[in-house]
Every structure is written in C-alpha cells, then in structure tokens.
Amino acid sequence: MFTVEDVRRFASTLPRSSEHLIRDRVKFRVGKIVYVAFSRDETLMGFGFPKEEREALVAAEPAKFLLPRESDLRFHWVVARTSALDVAEMRELVLDAWRMCVPKKVRAEQELLAATRPSP
C-alpha cells in the first residue's frame with residue numbers, strides 16, 4: 001500500500017508537475033491537465049491511462065483497478081484501489097500518466113536522465 005505522501009514525493013521529481021487541492025481532493029497536474037487524482041478519503045487513485053487499454057487492465061486485475069465513473073469515461077482515465085498497489089506499482093502508473101501529459105521533449109529528457117541514474 002502507498003500513501004498520498006508517497007505520490008507527492010515522487011511527483012515532485014517530475015518536470016512540470018504541480019500539486020493542487022481542488023474540492024478537498026489532492027490532484028497532480030501538468031499545466032491544466034490532471035494526471036493523478038485521489039478520492040477525498042484517499043482510498044482511490046485515478047490516473048491517466050489509454051482508453052483503448054483500460055477495459056483489459058480492469059478485467060485482468062479487478063481487485064486493483066476499476067473503470068472511472070460514467071461521466072469520466074470520455075477521458076483517458078482508470079481508477080486504482082490504493083490498498084491493492086505497492087509503491088513500485090504506484091510509481092510506474094504515476095510515471096506513465098505523467099508521460100501522457102508532458103511534451104515529447106520533456107518526456108525524452110526525463111527518460112534520458114532516468115537512464116543515466118544508478119539503479120536504487
């Protein structure tokens with residue numbers, strides 16, 4: 001399991017990422033695009049994810065993932081249960097969601113930087 005603080009620490013390392021509190025919900029954005037958002041009770045984390053792949057993700061692991069509410073189906077979005085994911089999975093999902101939002105140049109710079117860092 002991970003916490004909002006874990007996401008906050010990781011998201012703060014991503015270029016152009018910013019945190020916002022909107023209607024008592026923690027959200028992370030690149031510009032005006034939200035790429036991660038938490039439910040008020042922080043038990044659910046919504047994140048950017050390709051529409052064409054989300055049904056397969058949810059079907060493969062329904063204990064971890066669920067479709068967004070009907071009004072959000074038009075967006076590239078999936079929801080995860082925070083209690084069902086570990087920190088490594090969270091980091092991968094947050095990073096992929098962030099990559100969907102930033103310009104290709106920023107994404108390429110981050111990938112190059114990550115490739116040159118020593119493994120933890």
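I began with a definition: the radius of gyration is taken over C-alpha atoms, and the globule rule is 2.2 Å times the number of residues to the power 0.38. For 120 residues, a compact globule would have a radius of gyration near 14 Å, and the protein agrees, with 14 Å.

A note on what I am reading: this is a predicted model, where local features need pLDDT of at least 70, side-chain atom pairs count only at pLDDT 80 or more, and totals for chains, interfaces and linings use all residues. Residues are numbered from 1 along each chain as its sequence is written, and side-chain values use heavy atoms, leaving out hydrogens and water.

Next I looked up the overall span. The C-alpha trace extends about 40 × 30 × 25 Å along its principal axes.

How much of the protein is buried? I found 38% of the 120 residues buried, meaning under 20% relative accessible area with a 1.4 Å probe, protein chains only.

Then I turned to the secondary structure. I found four helices and six strands, which are DSSP runs (helices H or I, at least four residues; strands E, at least two) numbered from the N terminus. Along the sequence they run α-β-β-β-β-α-β-β-α-α.

I also checked contacts, which means heavy atoms within 4.5 Å. Of those between residues at least 6 apart in sequence, 48% join residues at least 24 apart.

Last, the surface. I noted an accessible surface of about 7500 Å² for the protein, with 54% of it belonging to carbon and sulfur atoms; the areas come from the Shrake-Rupley method with a 1.4 Å probe, and for residues only the protein chains shown count as cover.

Terms used. Buried < 20%, exposed > 50% of the residue type's maximum accessible area, 1.4 Å probe, protein only.
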